[in-house]
Amino acid sequence: MIDCPVRPDVAVHTQFLRNSLNRAKNMPSLTEADTCRKYVLPKLYASGWSDDHINEQRTFTDGRIVVAGNRTIRRKQKRADYLLRYRPDFAIAIVEAKADYKKAADGLGQAMEYAQILGLKFAYSTNGHGIVEHDFTTGLESTLETFPSPDELWQRLKHGEDIPSQIVERLLTPSYRLPGKPQRYYQEIAINTAVRAILQGQKRVLLTLATGTGKTVVAFHICFKLWNTKWNREGAPGRRPRMLYLADRNILVDDPKDKIFTPFGDARHKIEREAIMSREMYFSTYQAIAKDERRPGLYREYPKDFFDLIVVDECHRGSAKDDSNWREILEYFEPAFQLGMTATPKREENRDTYLYFGNPLYTYSLRQGIEDGFLAPYRVHRIVTSADSMGWRPNRGQVDRLGREIPDEEYTTKDFERKVALLPRTETIARNLTDFLKTNGRLDKTIVFCVDQEHAEDMRFALNNLNADLTQQYPDYVVRVTADEGRTGRGHLDRFMELETTTPTIVTTSQLLTTGVDVQTCKNIIIARTINSMTEFKQIIGRGTRVKDDYGKLYFNILDYTGSATRLFADPDFDGEPAFATVEEMNAEGNNVKAEIEKSEEVITDPLPPQILEPGGRKSGEPRKYYVDQGSIEIVAHFVSELDADGRQLRVVRFTDYTGEKVRSMCPSAAELRSKWSNADQRAEIIQALEERGITLEELIQASNQPDADPFDLLCQVAYSAPVRTRRERAERLRKDQRAFFEKYSEKARQVLQDILDKYVDYGTAQFAIPEILKVPPISERGTVMDISQMFGGAERLRTAVNELQALLYAS
């Protein structure tokens, strides 16, 4: 016989199995909570982990928000049993605990999934006795008797990730605690990843974080940690770094400087008109320091090696283009480390950003933000005017507002407000939007994206007059915010962004609000111009993605009048998932008239900007814009849209078709649905599962226009094409075919069952709830809950009788 050596980990695992079998024979099983309390924590303490290292039952997502009819629910949050931290802001491992009667490895799959989400390199699963480890730095799995100590794990991480010893102190320095802004898991990953890259000498760093996920907060923590630890690019001892926060709009500079970056105190300075050099945390717009026809560029008054770090906010907006004046600024300060922050993944229109900064070190997408519940989902309405559907053509010899003859050609969506301004189309959109707000909330904050500043003014004018009952009380109910408004527009915008203000409620704009505007309670995004750029589209959608639970902002609406949203949602590169989408048809009065499926056509935006012409003609070679004030334009096309199984492509389906598909995925046959539906607990599970998919029974009844039908029959109809029965028909059939069931009980008990059945006919299956239904007239008039229970021989027999009543109700 050959004496084969036994691998140590196999020997440990074998002994663990023997011990488990012995324990199973001699003691009762423990729950996961018992396992954690009795075994896991003591093992962690024994390995040197203290309460400062351990986050127990740590929830790290908010749970996806699902829109179901006019209600919202949150799916289950992701929660780690134990999150282990080497330092307060540096998580290093995750532990998933299972009940002691399960295998130690049963939780490893979940632990590994969570570890990858959280950017951790060590995942553990335990049942309190055995421990299974997955080490992402080596790819190996091991069976252990004890947990590694904090220092052991840190040394393994350092070795596996090649972390130099000289950067450790700065890397592990705790972050500043911003009041009311605890770090979310992805922010902690982004901060530590960027800081580590900079400390290790990477000169250009890019982070891609979806709009609404807190890029500014991430930038603050990176800057403050480097500043607080006195890092600088030269490695000079004791000198704090000089850092520049650079953006392309004043609001993107002023807000961070005056709010989130206030812990820097007097070290802050905004560069304007002169090159102050005595501070450490600088803020500037490109325009304030770039060269122009009047000056060579204020940035040149600073030495090339003045800044240690430059943070470029919204870096996709042109700063990295080879031919950009702004690119000159970055190249001038080439010795500085440069951190780019963007919300948009790589596309052709922003490829220069990625060529300059390199691939992002960390990406947190819109899709992931919605999945985690940190960003709001949205409901999409595709609304089509007759002019957009069929095109618009002038009559022979028709002249515009300025007396110019309009060229005889067919104008389509891409031409409106660029070549020809159709005031009737603008008024029809305004009327439809007004009706939408009257139905859904007239004081819900709304942004209308128009083609240009003139279009924004026409839209404001129309909306103002259509809402005169409100503008009497709130003169600023609807305002225009564009570059033309200057300080007045900025005042409107500041009030619009405030959480507690009612007005302005509707803001019309062209480009000014596409980025950098944090309107946390914005509930409606209106697209009244063609959008061809995915980058710009995501920025526009981002105006509504903030979640504000305490203000009832859990989802938002997108009203798409140009087909841009419908087309761009279908782009494989789009990474956000709509909760619901509709396409509506409306008439000249702006009223919805019908619902049908219709594919949108791709439109190409005219790259040339529109120009408002003065009477008397135009300059040679410049685009023309004609003004049409008369005519009748109607609204002509409501789809329900969802993403396909892989979550990438938007499909257009009717709500009933969508419901039928989801029902079939849960119950392949009508018999299976009937079996589950007749049981009150299983019926509740089905209803909850439908709501998690955005389906409510109330909405299904409304969509099918059959208020008297039993919801079970409606589900069978949309899923299996079964005939529909009303609740009354089901009740009468039960009374006729199941007399033996009623005759089992006394006269008084039978009357109670008949009363419950009558309540079902009037109000539905909710009336089978025991004991609640016993407290409602006329049943309550037959005695107390205890009296009625005694009619059946006790509470348990009463419940059995009602359950059987339900089962027989759905028996056929």
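This briefing covers a central strand, the nonpolar cores and the cysteines.

The model is predicted, so local features need pLDDT of at least 70 and side-chain atom pairs count only at pLDDT 80 or more, while totals for chains, interfaces and linings use all residues. Residues are numbered from 1 along each chain as its sequence is written, and side-chain values use heavy atoms, without hydrogens or water.

**Strand S14**
- Six of the six residues of S14 (residues 337-342) are buried, so the strand is largely enclosed by the rest of the structure.
- Buried means under 20% relative accessible area, exposed over 50% and partly exposed in between (1.4 Å probe, protein chains only).
- Strands (E, at least two residues) and helices (H or I, at least four) are DSSP runs, numbered from the N terminus.
- Phe337, Leu339 and Met341 cover one side; Gln338, Gly340 and Thr342 cover the other.
- In a regular strand the side chains alternate between the two faces of the sheet.

**Pairing**
- S9 (residues 204-209) runs parallel to S14, joined by five bridges; pairing takes at least two DSSP bridges.
- S13 (residues 309-312) also pairs with S14 in the parallel sense, over four bridges.
- Gln338 in S14 stands opposite Arg204 and opposite Ile310.

**Nonpolar cores**
- The largest core has 113 residues; Trp154, Ile222, Phe261, Phe264, Leu309 and Ile558 touch the most other members.
- Helix H6 (residues 185-199) gives this core its largest share, 10 residues.
- A second, separate core of 44 residues includes Ile686, Leu690, Tyr720 and Tyr760.
- A core is a set of buried Ala, Val, Leu, Ile, Met, Phe, Trp, Tyr and Cys residues joined through side-chain atoms within 4.5 Å.

**Cysteines**
- Disulfides (cysteine sulfur atoms within 2.5 Å) number zero.
- Cys450 is buried at 0% relative accessibility, and Cys522 is buried at 0%.
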